[in-house]
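Dear colleague,

Please find below the structure that I am handing over to you. My notes on it follow directly after it.

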Amino acid sequence: MNIPKGNNLKRVVIIGAGFAGLQVAKKLKRDKFQVVLIDKNNYHTFLPLLYQVATAGLEPDSIAHSIRNIIKKTKNFFFRLAKVYYINTKKQKIYTNIGDLCYDYLIVATGSITNYFGNKNIESFALPMKSIPEALNLRSLILQDFESALLTKDNKKKERLMTFVIVGGGPTGVELAGALAEMKKYVLPHDYPDLDIRYMNIHLLQATSRLLDGMSESSAKQAYKNLKELGVIIWLNCLVKDYNGEIVFMEKDKKIESSNVIWAAGVKGAIIKGFLQEDIKGGRILVDNYLNTLRYKNIFAIGDIAYMNKNNHYPNGYPMTAQPAIQQGNYLAKYLNCLSEKKKIKPFIYRNLGSMATIGRNKAVCDFPYLKLKGFLAWIVWMFVHLVSLVGFRNRAIALTNWIIQYFHYNKSVRLIIRPFHRKKKII
């Protein structure tokens with residue numbers, strides 16, 4: 001990897017430049033540690049706005065920022081573009097596609113990947129949305145299907161091409177359903193005046209009895225009401241069994257014909273090989289109250305990949321969202337800095353700052369510890385929080401400009417098929 005020895009400095013290797021890994025990399029003391037950050041991309045992605053890239057609301061470069069540009073203090077810091085495929089815990093070495101590297105401390109911050117719950121057909125034919133390339137695939141597919149619908153005289157095929165099924169009623173599914181519904185109402189009729197938009201249907205499928213399981217009952221009811229007003233067809237207590245590329249199969253022999261299934265039904269930790277099965281629970285790495293793995297005292301796990309099970313308020317681990325990841329990243333940097341100075345530090349405590357979801361223009365819900373908001377005010381708060389959370393002034397300026405234009409003109413001007421998406425053939 002062409003990384004020099006650190007002049008007797010302890011080497012900290014961080015795998016993953018998401019919300020958690022980036023915080024550690026920025027805040028570790030460079031006079032105490034040599035910091036090596038490794039990621040398979042050379043950019044950090046602001047994941048909460050991926051759905052806007054998928055629905056042509058934002059270009060991908062407005063939610064992505066160069067890692068090298070974020071970490072500007074280059075003293076004793078090295079970034080390498082690589083994919084880690086194995087951790088040798090005994091030799092304290094990681095193996096990547098560009099070479100091997102030894103570590104004194106290892107921080108696993110690999111985030112999460114889409115969880116298909118073992119269904120290979122769904123994995124083959126449904127579209128995930130966990131990265132910028134996947135969001136661009138979805139954007140291309142949406143636009144390509146409308147172009148294809150223009151060319152067919154078969155009404156059944158036309159309806160299948162224009163039917164969208166979103167599996168998962170969490171914030172991602174709700175926000176995506178709302179964005180598609182607004183496209184149907186305000187944007188697509190102008191783009192495709194010779195196409196009967198009434199053939200377009202948006203289905204939101206949720207396995208439990210309500211939307212937004214992680215939020216309050218009042219927010220869930222408000223989201224349900226707003227989506228119904230936008231024309232979204234909501235299925236509650238609906239478990240998807242299979243998908244063959246054209247038909248969604250559900251329990252009780254229910255079916256939906258659709259060429260477009262978007263999978264937002266769950267995630268799991270992106271585990272790297274090298275850990276024992278006993279170190280993993282629920283697809284995540286077990287950690288103690290100091291974010292230390294239970295078996296290896298010089299390996300830490302933070303963010304979506306970490307499972308802290310000694311917490312009565314979160315018996316299934318902390319939510320796999322940005323806030324826990326950011327807080328854990330900040331804590332671990334402080335912990336290691338204190339460790340280098342032989343100072344003690346209190347265990348990690350997660351502070352729930354709230355959760356939010358937007359359903360569409362002037363429609364959002366926010367749950368804060370002592371306050372719940374809905375409607376226009378919640379929408380303004382949602383926009384402000386996401387805007388200030390974006391990395392870099394340019395990204396904030398581009399996002400704000402796009403949102404202002406879209407608010408007054410409903411003009412999602414990035415409806416471009418830059419990279420055509422090639423659909424897999426259905427299983428016979």
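Predicted model: local features only at pLDDT ≥ 70, side-chain atom pairs only at ≥ 80, totals over all residues.

Residues are numbered from 1 along each chain as its sequence is written, and side-chain values use heavy atoms, leaving out hydrogens and water.

Helix α8

Helices (H or I, at least four residues) and strands (E, at least two) are DSSP runs, numbered from the N terminus. Helix α8 covers residues 217-229, and at 1.5 Å a residue its 13 residues should span 18 Å, which agrees with the 18 Å between its end C-alpha atoms. The expected span is 1.5 Å times one less than the number of residues.

Ser219, Ala220, Gln222, Ala223, Asn226 and Leu227 of α8 are buried (under 20% relative accessible area, with exposed over 50% and partly exposed in between; 1.4 Å probe, protein chains only). They lie on the same side of α8, because they cover an arc of only 165° around the axis; the arc is that of the directions from the helix axis to the C-beta atoms. Among the elements that cover these residues are α7 (171-191) and β12 (201-205).

Nonpolar cores

A nonpolar core is a set of buried Ala, Val, Leu, Ile, Met, Phe, Trp, Tyr and Cys residues joined through side-chain atoms within 4.5 Å. The largest one has 121 residues, of which Ile94, Phe146 and Leu336 touch the most other members. Helix α5 (residues 132-151) gives the largest share of this core, 9 residues. A second, separate core has 15 residues, including Leu205 and Trp263.

Aromatic pairs

Rings of Phe, Tyr and Trp (its six-membered ring) pair if their centres lie within 6.5 Å; planes under 30 degrees apart count as stacked, over 60 as edge-to-face and the rest as tilted. By this rule there are 18 aromatic pairs. Tyr314 and Tyr350 form an edge-to-face pair, 5.6 Å centre to centre with 70° between the planes. These two residues are 36 residues apart and link distant parts of the chain. Tyr350 counts as buried, because its relative accessibility is 11%.

The pair of Tyr331 and Tyr335 is stacked, since the ring centres are 6.3 Å apart and the planes are at 25°. Both residues lie in helix α9, 4 residues apart, and both are buried.

Yours sincerely

Note on methods
Contact = heavy atoms within 4.5 Å.
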